[in-house]
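Colleague: I'm new to reading models like this one. Could you walk me through a few of the terms and show me what makes each of them apply?

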Amino acid sequence: MNISLTVWLLTIAALCALVGVDFLIGRKPHDVSIKEAGVWTVVWVVLACLFGLGLLIYGGSGPTGEFFAGYITEKSLSVDNLFVFVLIMGKFAVPSQYQQRVLMVGVLVALVLRAGFIAAGAAIISTFSWVFYIFGAFLIWTAWKLVQDARKGGHEDEYEENKLLKIAERRFGVADRYHGTKLFITENGKRIMTPMLVVMLAIGSTDVLFALDSIPAIYGLTQDPYIVFTANAFALMGLRQLYFLIGGLLKKLVHLSYGLSIILGFIGVKLVLHALHESGVHVPEISIPFSLGFIVLVLAVTTFTSLWATRTQGEEPAVKP
């Protein structure tokens, strides 16, 4: 689509307004109930659907299909990210009433940093069409690695801080306890970080690492930077509520990594076929309607088999000694 600067600015302003409303509603530290998380999860999904409807009116069925395919893919990958968020919250012993503030700021940081990835990706793609080969190969490799990690129980590993976070901790120092929602305190005449800021940086920087596979994945579904950005924004902005809504169900999604590996592998193949087509090789290209249907089907089957597997395990009779 040919998106004008005005539309870009209005979209960013609208998203900022939504973030502001979300921040004001959740500004008071409290334990998030299932009901609250469920209501706001529905609100964000409805907003994404309304945006997709607006795309249908403005740009037609093509951009709408690309948006929903990208949105569902990014949302699915973000659910996988929640496993790591749970590990981070546990490592830093974040009090339950502060977890929503951590996620809110951490996701906001991730959204800003992802915008840079998206802009860089758009510039590279517009200049070098062969980059689709690299993206495709990377996604296929990532899909294989997901399968390997799933077999090893990768989500059960302990979270390890990245080097950038360790450098920041050594440079500024970290308080030994939480001080409400404060990010910095003065201790012995020195300004130091609180654990609240450290865990926010951990959430934000970790999500940027996840962008290394999610950004190429969505560029495999659409090359429109506007759709890539908005699909990422809507997927990330509902992540905080999703964390509290399905946090207890994450362990039941035992086949999620397998489903995501199939999706990433599928998009990787789609990118390679697209690259071959751009190079003048006559190969079939995978349409967006087919991609959208395939992604939804894989997620539905993965969810069903996961719940069935955990239910079956729960019904197994105990072995008597």
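This is a predicted model: local features need pLDDT of at least 70, side-chain atom pairs count only at pLDDT 80 or more; totals for chains, interfaces and linings use all residues.

Modeller: Gladly! Let's begin with a pocket: α2, α3 (61-91), α9 and α11 (288-315) each supply at least two residues of the lining of the second largest pocket. Residues are numbered from 1 along each chain as its sequence is written, and side-chain values use heavy atoms, with hydrogens and water left out.

Colleague: What makes a space a pocket and not a cavity?

Modeller: On a 1 Å grid over the protein atoms alone, a cavity is a set of points where a 1.4 Å probe fits but cannot get out, whereas a pocket is an open set with protein on both sides within 12 Å along at least five of seven lines. Lining residues have an atom within 4 Å of a point. The second largest pocket has a volume of about 360 Å³. It is lined by 16 residues, and Lys75, Ser76, Val79, Leu299 and Thr303 are the closest to its centre. α3 gives the most to this lining, with five residues.

Colleague: How many residues of the second largest pocket's lining are nonpolar, polar and charged?

Modeller: That lining has 11 nonpolar, four polar and one charged. Ala, Val, Leu, Ile, Met, Phe, Trp, Tyr, Cys and Pro count as nonpolar, Asp, Glu, Lys and Arg as charged, and the others, Gly among them, as polar.

Colleague: What volume does the largest cavity have?

Modeller: About 60 Å³; the count comes to one cavity of 30 Å³ or more. Ten residues line the largest cavity, with Glu36, Trp40, Gln100, Arg240 and Gln241 nearest its centre. α1 (5-25), α2 and α9 (239-246) are the elements that give two or more residues to this lining. α9 gives the most, with three residues. By class, four residues of the lining are nonpolar, three polar and three charged.

Colleague: Why are α2 and α8 called roughly antiparallel?

Modeller: The axes of α2 (residues 34-59) and α8 (residues 225-237) come within 9 Å and cross at roughly 165°. Angles under 35 degrees count as roughly parallel, over 145 as roughly antiparallel, 65 to 115 as roughly perpendicular and the rest as oblique. α2 and α8 are therefore roughly antiparallel. Their contact (heavy atoms within 4.5 Å) joins Trp44, Leu47, Ala48, Phe51 and Leu55 of α2 to Tyr226, Thr230, Phe234 and Met237 of α8. By class, these are eight nonpolar, one polar and no charged.

Colleague: And why are α2 and α9 oblique to each other?

Modeller: The axes of α2 and α9 cross at roughly 140° and come within 8 Å, so the pair is oblique. In this contact, Ile34, Ala37, Gly38, Trp40, Thr41 and Trp44 of α2 meet Gln241, Leu242, Phe244 and Leu245 of α9. Seven of these residues are nonpolar, three polar and none charged.

Colleague: Which word describes how α8 and α9 lie to each other?

Modeller: Their axes cross at roughly 40°, coming within 5 Å, so α8 and α9 are oblique too. Here Ala235, Leu236 and Met237 of α8 meet Leu239, Arg240 and Gln241 of α9. The classes are four nonpolar, one polar and one charged.

Key
Axes are lines fitted to C-alpha atoms, for helices over the stretch in contact, and angles run from 0 to 180 degrees between N-to-C directions. Helices (H or I, at least four residues) and strands (E, at least two) are DSSP runs, numbered from the N terminus. Grid points are joined across faces, edges and corners, and a volume is the space filled by probe spheres set on the points.
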